[in-house]
Each structure stands twice: as C-alpha cells, then as structure tokens.
Amino acid sequence: MAAIAGVAESDLGEVAPKTAMQLQAEAAREALAEAGLTFADVDALLSAGGDGYAPSMAIGEYLGITPRYTDSTNVGGSSFVVHAGHAYRAIQAGLCEVALITYGSTQRSAASRTLGRGGGVRGTYQFEGVWGLPAPVGPYALAATRHMHEYGTTAEQLAEVAVATRKWASLNPKAFMRDPITIQDVLASRWIAQPLHLLDCCLVTDGGGAVVIVSAERARDLPRPPVWILGHGESHTHLGISSMPDLTTTPAALSGARAFGMAGVTPADVDVVELYDSFTITVLLTLEALGFCGRGEAGAFVSGQRTAPGGDFPMNTNGGGLSYCHPGMYGIFTLIEATRQLRGESGPRQVEGARVAVANGTGGVLSSAATVVLGQ
Amino acid sequence: MSERAFPVPDAVTRPFWDGVAEGVLRIQRCRGCGRHVFYPRAVCPFCMEADLEWVEASGAGVVHSFTVVHRAPPDYRDEVPYVVALVDLAEGVRMMTRLVDVAPAGVTVGMPVEVAIQGEPRLPYFRPR
C-alpha cells in the first residue's frame, strides 16, 4: 500500500522572473510540509521535463536530497502519472518510503513554446518534421478528423468540453482563464489546425507542482487524510502520429484496463475524473479509451454540459489544461486535483461524496498514457 | 530567421531520399516476412529480420486523415491554409505528406491520391488521382 500524503502547485500563470527549479523547489517544500515531512525524509525522487538532461538529478542537487530510488522517466506530459505508479511499486518493493515527484516549467515567460523548428530534421522525425505540421496541435487535429469521420463527432461536441471546463475554472481562483465561454465562442474562435479552434487548445502558462507518496507505515499519522493508490497502469503505442496504430484509440485503453483491474473497480465506481485535456479531442478519446463510454460515443457523452459543475460526470474540476494551467506537461496536476477532491478540500468546486477518483495523463501526440485510480 | 525544415538522411534512410531525388517513391520490404515497412528501419518491427530490401511503391494511396493548417510554424506562414495528411499507401504503410493540386475544402477522408514528388526541399507530396 502507498498513499499520496501531500500535493502542491507552485505559482502558476506568468511567474517571471522565477525559474523552473524555483517553482519545483517551492512546490516540493509545500507538498512535504502538507505531509508533515522534510527534505531529509525523502528517499525517492521522480521528475521529468525540468532543467537539464536528468531532472531527478537536478532536483536532488537543488534540494540536497540523495535518493535511494531515482526516476527521470520522460514519456511526455503523462510522465508524472507514470511516476506515481513507479513510486507505488518502489514502495511496495521496500526500496523507499517517501517519494517526491516534481515538475516545473516557465514556458510562458520564456516564450519557449514553438509550433515547430526549421533546419535539418534527423532520426525518425525526418519523415514528419518536414511538412509544416504544427506541433503538437497538428497530430491531435489528425485524430479529431478521423474521429469525426468514423463516428460523426461534431465541432459542437468538442466545444462542450471547453465550455464545461471553463465553468470549473471559474470556481478555481488559481485558474488562468475564468471568464465564461459559450459553444458559439469556441466555434467562432480562429482555426489553429482544422477541425481544432483556438478554444479547443490548452493554455500556454508557467507552473509547477509536487506530489509526495508514502508507504502505509508512513501514512499512519499524516496531518491530512491519506489518498490511497488503488491501481495504476502505463503504456505507449508510438512516438510520431504516423505510427499510431489507430488514430482514435489512445494507449489509455491499455493503462486504464490495468489500473481498473488492479484497483478492482470499474468506470461506474468513479466519482470524479481528472484527464489530461491538451485539446478537446484528447478528452473524448480518453473517455472512450478508459471505458467511461463506448467507442465513438464520447461526443454524445459530453453533450448537454454533462461534465460541468452540477452535471452527472464531474471532470477536470480544477479547470484543466484548457483553462486552469498548462505549463507543457500537465499530468502532475491531474494527481493534485484528484487528491484534493478525495480529501474534500476543493471548496466551491468540491464534488460531494467523492470517494474514488481517476487521474489520467497523456503524453506526446496521444503517444503515452498513464492511469492512476485513487481512493479514500 | 530560421530555415525551412529539410530531411537529413542517414545510413538507413538514404535510399528513400535518393529515390525522392530521382522522382521515385521507394519503401522497404522485409525479406523475412514480406511485409512493407515505413519509415525505413534497420530491423523489421514485425519479425525481427535484419534483411530489408528497397522496392518501388506504386505511389497510390488513400487519405486516412488530414488537417487544414491555419497557424503554421514560422517558415510556413505564407502558405496557409494548407493540408497535411496521413496517406495509406496501397502497400499497407502510412505516410505523412502534404496534399497539392486540391483546395482544402475539397479534401475528404478516403480520397484516392497519388505521389507527386516536388518542391524545395524535394519531398513526396500527394495529389488527387
């Protein structure tokens, strides 16, 4: 058994002149304090996407932590959900007791996000990187076109997700975009890559976060209720979108089945869902892959603002990558919000009686997925 | 000012790009299992065979999916809107490309297309057939 004992975000939005390491350090400090722990208690470090080629090494040096378990696995934005599963396994194996997962990025203030770079393209990308397909939105648009073709999914159904998610953001003081939007607003926003509009796309913000996972022994006397990891799964099916086996089936079909199977719960048992919403299509594909609805049914499933506050399927209750924050690798925030929901501390956006939550990360271009089932 | 993206061939992929330079679409076929392989690889992902031969593709395919790009990477901005597609070749492999000789509004999933090697850098574009 292992439990999430502390979670924290760093400053979000535009944080200049703060650095990515500073964001991680501040979030780590706060998450550990919430768990009643210090840097000296940490014996496992897991990180991705921060400064340098080996993020867990960088954060270890910065915080003065010498771990006995280290993991810089990077499979894109899902990495931190992968890390949660790895931390669980390492704790189960007796390799460590207190695992710290961190992330930080200043992509907004650094203006480091680009749609693609020119010049020579090497390696396996030499066949995709030469066509002017904007990254990462272009590959997601290809999946959206295919889903529309196979199942009749509409732009209005995609827009439902953006509108519902913004309603949740309006309840979250930390959210970057809080003004209400309508389906018409989404459809009238400019095209980025058809069929995706500007408001089908996640934000570009700064931000960071930290999650502390501890053994059952350590979880006995925490300041806050432990949130147990009941199941986890991970997989990836491709790197480039040309190699995706099926454009409408994400690897969450694999990670989700493993996570649910291990937890002994079904999608019907889940009270609150936090999915990586890089784009509205990501959400529809993930809902189907995880089995919350059938193949091709996600468009109808999210219609009528079903995932909004007051709807019968509360999803992305922090406002998601679409409206709350998206520093480039959003996965860690699915864990943070799911934990807060299960502790019952989400204030105006609290899902009443939430006992089981799912956090699902997606990485690359629908390339990797990681699912964690959490319970009180 | 960056320069427009261009492929950098390596030891495994050079026959593909040499073919494109000659106006021929060549892909690999595995001598072990007989399946066509794209992108080019040193080892067959289907059967682990290391002996792959180069064969000329028919150049015929169908559009599996596409997107009309409006917000382009820096070096492509004066070309929007344009269509980037995934094309399934008759040989059973999938390839990213750009569609030419067709208006974006005229593109559909399932549309038959054929290779049209052109441009600078020289690349295997596709057009309706």
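**View 1. Strands E9 and E12 of chain A pair in the antiparallel sense in this predicted model.** The pairing of E9(A) with E12(A) runs over eight bridges, and within it A:Ile229 stands opposite A:Leu374 of E12(A). Strand E11 of chain A, made of residues 356-363, is also joined to E12(A) by eight bridges, and these two strands likewise run antiparallel. E11(A) and E12(A) form a hairpin in which four residues lie between the strands, and A:Gly364 in the turn has a positive phi of about 65°.

**View 2. Strand E12 of chain A, residues 368-375, is largely enclosed by the rest of the structure.**

**View 3. Domain 1 and domain 2 of chain A are in contact with each other.** Domain 1 consists of residues 2-111 together with 206-229, while domain 2 consists of residues 133-203 together with 232-375. Taken over C-alpha atoms, the centres of the two domains are separated by 23 Å. The contact brings 32 residues of domain 1 against 36 residues of domain 2. On the domain 1 side, the elements that give two or more residues are strand E1 (2-9), helix H3 (79-92), strand E4 (98-105), strand E8 (207-215) and strand E9 (227-236) of chain A. Helix H3(A) gives the most to this side, with seven residues. The residues on the domain 1 side divide into 17 nonpolar, 12 polar and three charged.

**View 4. A:Ala87 belongs to the largest nonpolar core.** This core has 154 residues, and A:Ala87 is one of those that touch the most other members, along with A:Ala84, A:Ala99, A:Val211, A:Val212, A:Ile213 and A:Leu335. When neighbours within four places in sequence are left aside, A:Ala87 is in contact with A:Ala2, A:Ala44, A:Leu46, A:Ala99, A:Ile101 and A:Ile213.

**View 5. A:Arg108 lies in the loop between E4 and E5 of chain A.** A:Arg108 counts as buried because it has 23 C-beta neighbours inside 10 Å, where 20 or more are required. Not counting residues up to four places away in sequence, A:Arg108 touches A:Glu14, A:Val204, A:Thr205 and A:Asp206. A:Arg108 and A:Val15 are 93 residues apart in sequence, yet their C-alpha atoms are 8.5 Å apart in space.

**View 6. Helix H4 of chain A is mostly covered.** The 15 residues of H4(A), 137-151, should span 21 Å at 1.5 Å a residue, and the end C-alpha atoms are 21 Å apart, which agrees. Of these 15 residues, 12 are buried, among them A:Tyr140, A:Leu142, A:Arg146 and A:Met148. The cover over the buried residues of H4(A) comes from both chains, and includes helix H5 (155-169), strand E6 (191-193), strand E7 (196-197) and helix H9 (280-290) of chain A, together with strand E5 (60-69) and strand E6 (82-89) of chain B. After the helix comes A:Gly152, whose phi is positive, near 75°.

**View 7. Chain A and chain B meet in a contact that takes 31 residues from chain A and 32 residues from chain B.** On the chain A side, the elements that give two or more residues are strand E5 (120-121), H4 and E6 of chain A. H4(A) gives the most to this side, with six residues. The residues of the chain A side divide into 13 nonpolar, 13 polar and five charged. Two bridges join E5(A) to strand E1 (residues 6-7) of chain B, and these strands run parallel. In this pairing, A:Val121 stands opposite B:Pro7 of E1(B).

**View 8. Strand E6 of chain B pairs with E5(B) and with E7(B).** Eight bridges join E5(B) to E6(B), and the two run antiparallel, with B:Val68 standing opposite B:Val83 of E6(B). E6(B) also pairs with strand E7 (residues 94-99) of chain B in the antiparallel sense, over six bridges, and here B:Asp88 stands opposite B:Arg94 of E7(B). The hairpin of E6(B) and E7(B) has four residues between the strands, and in it B:Gly92 takes a positive phi near 95°. Six of the eight residues of E6(B) are buried, so this strand is largely enclosed by the rest of the structure.

Notes:
Residues numbered from 1 in each chain as written. Chains lettered and ligands numbered in written order. Predicted model: local features only at pLDDT ≥ 70, side-chain atom pairs only at ≥ 80, totals over all residues. Domains from an automatic or database assignment. Contact = placed C-beta atoms within 7 Å. Nonpolar A, V, L, I, M, F, W, Y, C, P; charged D, E, K, R; others polar. Expected span 1.5 Å × (residues − 1). Pairing = 2+ DSSP bridges. Core = buried A, V, L, I, M, F, W, Y, C linked by C-beta atoms within 7 Å.
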